[in-house]
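Q: Could you take me through the sheet in this one, and what packs around it? I'd like a close look at that part, then a quick tour of the rest.

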Amino acid sequence: MKKQTILFLGAGRMAEAILSGLLARKRDSIEEIIVTNRSNEARLAELRAAYGVTATRDWQAQVAGADAIVLAMKPGQVRETLVELAPHVNGQFVFTVAAGIGTGMMEELLPEGTPVAWVMPNTAASVGASVSLYTYGKSVRAEHRAVLEMILDGIGSYEECTEEQIHQLTAVTGSAPAFLYRFAEVLEETALQFGVTKEQAHRMIVGMVYGSALMLKQGDSPAALRDQVTTPGGATAAGLRVMEEREFPALIGAAVEATNRRAKEMAKE
Ligand SMILES: NC(=O)C1=CN([C@@H]2O[C@H](COP(=O)(O)OP(=O)(O)OC[C@H]3O[C@@H](n4cnc5c(N)ncnc54)[C@H](O)[C@@H]3O)[C@@H](O)[C@H]2O)C=CC1
Ligand SMILES: O=C(O)[C@@H]1CCC=N1
């Protein structure tokens, strides 16, 4: 595969998570990373200084030289960007990470035959640990698959899914890190009530989450691991009972549903 020139339209948190992960792990496969946004010059300067990427406002001039173009703006801005982009595109591989978009809108608005993909990553891309879901449009060839897989490998692990699965799983892999961070935040606040310092509380919770993730990664099911913690008739069982009484599965179900509903809504804004 030739070294890739990748143009990011949108220079926010997700763009930074992806480009930082890529530069840390796939530098040999990257010719150049170019970032651009609508109006925030200071943000472009920050990314240029932090990662040595090319940052420019004149993105139209960069399209011809790009191998891949990543749309990393908010979902509601994707349509108008595709309209602006279309006259400049000539075979480049275009993909978006925007929630709720899918490949249909991209194929409808870009020139016939443009290879496109839709990716749902998460912010752990910045530490090479995103779980990225992806699906291809109909004009993608083996060379484009190789490029996307190189990029996704650089930012973590990846799973090819159907478009509908990505709509339904956006909450589960894209947004659920925020659910987990909220859980960690509440546990930290709880620990603070008992007189430990903020630093101690943070270390404890990070250690607990990290250890639990390692246990999960070893392959036992969440249920089996939960069982190992739950001494029959013991303390954990009492806590879990409260979670069930308060309908924890229904709570998560409702959060997932609201997330996915909003993702689809945003794409139409
Ligand atoms: N933050 C996350 O964990 C995840 C975000 N995403 C998706 O990534 C996209 C970006 O999200 P964030 O980075 O969180 O948002 P953000 O608000 O941090 O970044 C959006 C960026 O796009 C720029 N922008 C807006 N319109 C533009 C245009 N027409 N042309 C060029 N640049 C434009 C803004 O200036 C900003 O730099 C969203 O579509 C979101 O659905 C997907 C998976 C996870
Ligand atoms: O909050 C959002 O809209 C995006 C989609 C997935 C994660 N963050």
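**The sheet and its surroundings**

A: The sheet is an open one of eight strands, ordered β3-β2-β1-β4-β5-β6-β7-β8, with mixed pairing. Two strands count as paired if DSSP finds at least two bridges between them; strands (E, at least two residues) and helices (H or I, at least four) are DSSP runs, numbered from the N terminus. At the edges stand β3 (54-55) and β8 (156-160), each with a single partner strand, so one side of each has no neighbour in the sheet.

Before going further, a word on the numbers: this is a predicted model, where local features need pLDDT of at least 70 and side-chain atom pairs count only at pLDDT 80 or more, while totals for chains, interfaces and linings use all residues. Residues are numbered from 1 along each chain as its sequence is written, and chains are lettered from A and ligands numbered from 1 in the order in which they are written.

Now zoom in on β5 (residues 93-96) and β6 (residues 116-120): they run parallel and are joined by three bridges. Val94 sits opposite Val116 in β6. As for helices, α1 packs on the sheet and touches β1 (4-9) and β2 (30-36), its direction making about 165° with that of β2. Helix α6 (residues 142-155) also packs on the sheet, touching β1, β4 (68-71), β5, β6, β7 (130-136) and β8, and its direction makes about 165° with that of β7. Contact here means C-beta atoms, placed from the backbone, within 7 Å; the axes are lines fitted to C-alpha atoms, for helices over the stretch in contact, with angles running from 0 to 180 degrees between N-to-C directions.

Then there's the largest nonpolar core, with 53 residues, where Phe8, Leu9, Val35, Val70, Leu71, Ala72 and Phe95 touch the most other members. Helix α1 gives the most to this core, six residues. Such a core is a set of buried Ala, Val, Leu, Ile, Met, Phe, Trp, Tyr and Cys residues joined through C-beta atoms within 7 Å. Buried means 20 or more other C-beta atoms within 10 Å of a residue's own, exposed 12 or fewer, and partly exposed in between, with C-beta atoms placed from the backbone. Leaving out residues up to four places away in sequence, Leu71 touches Leu9, Gly10, Val78, Thr81, Val94, Thr96 and Ala98.

On to the ligands. Ligand 1 has 26 residues around it, the closest being Gly10, Gly12, Met14, Ala98 and Ala99; being near means a C-beta atom, placed from the backbone, within 6 Å. Helix α1 (residues 13-25) gives the most to that shell, three residues. Ala99 turns up around ligand 2 as well, with Thr170, Gly174, Ser175 and Ala263. There, helix α7 (residues 163-192) gives the most, again three residues.

Thr230 lies between α9 (222-229) and α10 (235-245) and is partly exposed, with 15 other C-beta atoms within 10 Å. Thr230 and Ser39 are 53 Å apart, C-alpha to C-alpha, and 191 residues apart in sequence. Glu247 is in the loop between α10 and α11 (248-267), and counts as exposed, with 11 C-beta neighbours inside 10 Å. Glu247 isn't a glycine, yet has a positive phi of about 60°. Most residues other than glycine have a negative phi.

Terms used:
Two residues are in contact if their C-beta atoms, placed from the backbone, lie within 7 Å.
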